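Let's take a friendly walk through this protein, looking at rings, charges and sulfur bridges along the way. Please have the viewer open and follow along.

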Amino acid sequence: MRYSRFKRNWALLGFLLILPLGSGGCGDDGEAGAQPAAVPTTADLLAPGPYAVGAFDAVFTDPSRPTMANRNFPGAPERRLPTTVWYPAEATNERPPMAARNGGPFPLVVYAHGFLGNRAGGTYLARHLASHGYVVAAADFPLTSFNAPGGATFADLANQPGDVSFLISAVLSGDGEPNGGIGLARQIHADAIGVMGLSLGGATSLLVTFHPQLHDPRIAATVAHAPPACFLTQTFFATRSVPLLIVHGDIDAIVPYQANAVRAFERAQPPKYLVTLLQGNHTSFTDGAERLFADMSNSDDLGCSALLSALANSGNTDLTAGLGGAEAGIQLGGCPLPCTAGPRNPPSMRPQRQHDLALAATLAHFEAWLRRREEFRLYLENALAAENGDARVEWRSR
């Protein structure tokens, strides 16, 4: 599926959703053993990787799970997932190019978009990771994307972890590869699978990683950008210990920082990392923000306007429906409302800068925990903050 410019611009409104404190006192010393390779710099992490980037679109359909009715939409007997897959590719003129034959097997990462977003919202992350040797798959969720039948609804959140798991299986099996196959499936490392998501997609990433019943045991590392997480208790995070990175702006008007990022970081088991973007907001995490919102004082002004309009027309705003309640560690009480500051928010970090910090932290986390590269863990724990005064890092490695 190819998106028109109109659809892509709407996706930009999706909600897709560093000095270490105490000079590293929030973490642990490096483990004893062989000296790691040289710790990379932020510039190293932001440089394109050695691979060409290929991409293809496919539609994956899960016939085993229905799509629920949604206002004037009667529902469907299956869940349909239009998907884009980015991958390390051979540098040829063939379109789509064959998967790279050298350097694999490659980790697989699934990107989850936010409320009113779509799979294009993480394109800058997906392309960058693919250039560094990752396969990245992103789907439009059936009922939370900007073009959801009946209008986007929060009520379908509980079904999205299953969508992520289905997508992992589909990509690993080679389904959807164009031209009779590009050799991608056999180049994926089935034991190096990660998930990342923005806003509601960040919540989806947490659910598919940690939820007592909905988690996927194949997931080995997780990144959540600005996730709604205030309703996830310590009981929720007690099920599994999976390396977790949360990246969140401290003036986020849509998903307030203290009640969500800080609370989730405190409750999760180690290894865990919280990268706080000073004057970072919510809307600027999405792809294209660096172009469309570059001249805005704070793109959350626009984001809040779109979100509040959608909420006014939504029939169900309960994020926790179907998630299992207190027994599963889900408790909605105490979550703050979004966009309480009105239509004008304080000046925020520039979108391109927010992208750069999110890219550096995300790539470092996956390199550290999916490829087990010690130097990237040290970057997260020491160098990221030391090199970037507009970010703060807290961490517990064990």
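A residue counts as buried when its relative accessible area is under 20%. Phe-154, at 11% relative accessibility, is therefore buried. Keep in mind that this is a predicted model.

Phe-56 belongs to strand 1 (residues 52-62) and Tyr-87 to strand 2 (residues 79-89), so the contact ties together parts that are 31 residues apart in sequence. Both Phe-56 and Tyr-87 are buried. Phe-115 and Phe-154, in turn, form a stacked pair, with 4.0 Å from centre to centre and 15 degrees between the planes. Here the partners both come from loops: Phe-115 from the one between strand 3 (106-112) and helix 3 (123-131), Phe-154 from the one between strand 4 (135-139) and helix 4 (160-173), 39 residues apart. Phe-115 has a relative accessibility of 1%, so Phe-115 counts as buried too. Elsewhere, ring pairs connect Phe-210, Phe-236 and Phe-237 into a cluster.

The charged end of Lys-272 sits over the ring of Phe-265, 5.0 Å from its centre. Arg-371 lies over the face of Tyr-134, at 4.5 Å from the ring centre.

Now for the sulfur atoms: how many disulfides are there? The count comes to 2. In one of them, the sulfur atoms of Cys-230 and Cys-335 are 2.0 Å apart, and with 115 degrees about the S-S bond the link is right-handed. This bridge spans 105 residues, from the loop between strand 6 (219-225) and helix 6 to the loop between helix 9 (300-312) and helix 10 (351-369). Cys-230 is buried, with a relative accessible area of 8%, whereas Cys-335, at 23%, counts as partly exposed.

A disulfide also joins Cys-304 to Cys-339, with 2.2 Å from S to S. Its torsion about the S-S bond is about -90 degrees, so this disulfide is left-handed. Cys-304 lies in helix 9 and Cys-339 in the loop between helix 9 and helix 10, 35 residues apart. Both Cys-304 and Cys-339 are buried. With the bonded cysteines numbered in sequence order, the pairing reads 1-3, 2-4.

How values were computed: Residues are numbered from 1 along each chain as its sequence is written. This is a predicted model: local features need pLDDT of at least 70, side-chain atom pairs count only at pLDDT 80 or more; totals for chains, interfaces and linings use all residues. Side-chain values use heavy atoms; hydrogens and water are left out. Helices (H or I, at least four residues) and strands (E, at least two) are DSSP runs, numbered from the N terminus. Buried means under 20% relative accessible area, exposed over 50%, partly exposed in between (1.4 Å probe, protein chains only). Rings of Phe, Tyr and Trp (its six-membered ring) pair if their centres lie within 6.5 Å; planes under 30 degrees apart count as stacked, over 60 as edge-to-face and the rest as tilted. A charge sits over a ring if NZ of Lys or CZ of Arg is within 6 Å of the ring centre and within 35 degrees of the ring normal. A disulfide is a pair of cysteine sulfur atoms within 2.5 Å.
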